[in-house]
Amino acid sequence: MQPAARLSLLKPSPIRAITDGTPPGAIPLGLGEPTWDLPEVARKALLREPGPCAYVPHAGLTELRRAVGAFHNAHLDEVLITTGSQGALFALFQAWVNPGTKVLVPDPGFVAYPALARMAGAEPVTYRLSADRFRLNAEELIRALDATPEASAVILNLPSNPTGGGGDPTALKRVADACTARGVLLISDEVYRDLHFGVRAPSLRDVTDRGVVTSSVSKGWGAPGLRVGWAVGDPAWLVPARTVHGYAVTGTATPAQWAALALIEHSDTVLAEARAAVQLRWQALAEALREELGHAVTPPDGTFYHFMSLPPAAHADPLAFCLKLRDEAKVVLIPGLAFGEGGRGHARLSFAATPEQLREGVRRLAPYWNN
Ligand SMILES: Cc1ncc(COP(=O)(O)O)c(C=O)c1O
């Protein structure tokens with residue numbers, strides 16, 4: 001049996017190469033998901049009075065679209081509710097990326113972007129981030145755009161998975177204008193924007209009314225399992241994406257949309273509590289890195305990822321090094337190479353784990369950096 005030819009370029013997620021086969025007792029600093037409780041407002045919203053659990057419109061529950069619109073300063077018809085932000089990205093790529101075109105993706109960047117481009121029959125082309133702290137570098141991106149006349153879409157991710165690097169509004173505006181001038185769809189993945197350390201990364205919506213923002217309740221609102229995300233932008237971009245999403249999944253689970261509505265209505269407290277949880281974890285991690293490894297670290301612009309430098313000896317084969325950490329030290333880290341060649345000298349450490357796990361994890365890692 002042969003799967004469809006369009007899957008021939010699709011490889012399994014390189015993150016799986018590390019996380020599959022995790023030994024018992026290993027400390028999971030690999031996956032990027034909150035370890036704090038689902039906020040109470042969402043738990044309560046899932047418990048409803050007797051009544052049907054019906055389909056809702058394909059664009060999503062109207063009250064939820066209104067709440068997401070208010071959060072992003074957008075009208076109701078500029079909001080499409082999707083199955084996680086992954087559902088929004090999939091639908092946008094299928095709706096707007098033609099086979100044979102190219103999609104500009106960050107390197108290092110979220111592993112799904114190149115795969116989504118390939119599933120649309122397009123070729124991912126990487127652009128580099130700034131050499132210091134992996135932030136958005138408008139010159140690099142515009143240079144890549146100039147060199148890629150077949151570009152149909154560009155994807156940004158501020159702050160970034162895996163690096164935590166953000167960007168400034170001037171750079172964002174330059175990139176947005178360059179995409180508009182070339183008629184290229186700009187998608188700004190802002191799923192980590194509310195997990196910041198004092199300075200919130202700019203939103204695409206702060207600098208232009210073109211392009212599409214994607215986000216979800218998975219990170220800042222602490223609810224990845226609800227699978228509720230959205231796309232916000234000009235309805236002209238969203239309507240074809242809604243058709244794709246409708247045929248793919250009909251709609252996001254109705255109870256999950258009730259819970260997401262409660263979370264967004266309580267954004268002030270829910271997001272502040274999430275930032276406090278992340279800050280607490282960062283402090284535990286930074287202290288452990290200083291004491292055990294002698295690393296002086298500063299927090300990322302946002303996210304719960306520390307993009308950790310690997311010892312020079314590990315640069316030739318970072319996957320082998322991280323497998324050794326997994327199997328001998330029993331700590332799971334993701335090699336930066338999994339996110340693109342630009343991540344070769346680093347590993348992604350997720351500090352969404354508990355403070356105890358972070359302290360113990362770094363204690364176990366220390367011999368591999370200190371020798
Ligand atoms: C940068 C980035 N974008 C999008 C997603 C998709 O998340 P979700 O579908 O849960 O919103 C993730 C998940 O890890 C991510 O890291």
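Mentor: First, a definition: a salt bridge is a side-chain nitrogen of Lys or Arg within 4 Å of a carboxyl oxygen of Asp or Glu. Glu-356 forms one with Arg-359, with 3.8 Å between the closest N and O atoms.

Trainee: What kind of model is this, and how are residues numbered?

Mentor: It is a predicted model, where local features need pLDDT of at least 70, side-chain atom pairs count only at pLDDT 80 or more, and totals for chains, interfaces and linings use all residues. Residues are numbered from 1 along each chain as its sequence is written, and side-chain values use heavy atoms, with hydrogens and water left out.

Trainee: How far apart are Glu-356 and Arg-359 in helix α13?

Mentor: They are three residues apart, so about one helical turn separates them. Helix α13 covers residues 355-370. Helices here are DSSP runs (H or I, at least four residues), numbered from the N terminus.

Trainee: And how exposed is Arg-359?

Mentor: Partly exposed, at 41% relative accessible area. Buried means under 20%, exposed over 50%, partly exposed in between (1.4 Å probe, protein chains only).

Trainee: Which residue does Glu-360 meet in a salt bridge?

Mentor: Arg-363, at 2.8 Å, N to O. Glu-360 is partly exposed at 24%, and Arg-363 is partly exposed at 43%. Salt bridges with shared partners join Glu-360, Arg-363 and Arg-364 into one network.

Trainee: How many salt bridges does the structure hold?

Mentor: The structure holds 17. One of them links Arg-326 and Asp-327 at 2.8 Å, N to O. Arg-326 is buried, at 9% relative accessible area. Asp-327 is partly exposed, at 37%.

Trainee: Switching to rings. How many aromatic pairs?

Mentor: The count is 12. Rings of Phe, Tyr and Trp (its six-membered ring) pair if their centres lie within 6.5 Å; planes under 30 degrees apart count as stacked, over 60 as edge-to-face and the rest as tilted. Phe-110 and Tyr-113 form an edge-to-face pair, 5.3 Å centre to centre with 85° between the planes. Phe-110 is partly exposed at 23%, while Tyr-113 is buried at 0%.

Trainee: What about Phe-321 and Trp-369?

Mentor: Their centres are 5.5 Å apart and their planes at 70°, so this pair is edge-to-face. Phe-321 lies in helix α12 (residues 318-329) and Trp-369 in helix α13, so the pair ties together parts 48 residues apart in sequence.

Trainee: Are those two buried or exposed?

Mentor: Both Phe-321 and Trp-369 are buried.

Trainee: Which residues form an aromatic cluster?

Mentor: Phe-71, Trp-221 and Trp-230 form one.

Notes
Helices (H or I, at least four residues) and strands (E, at least two) are DSSP runs, numbered from the N terminus.
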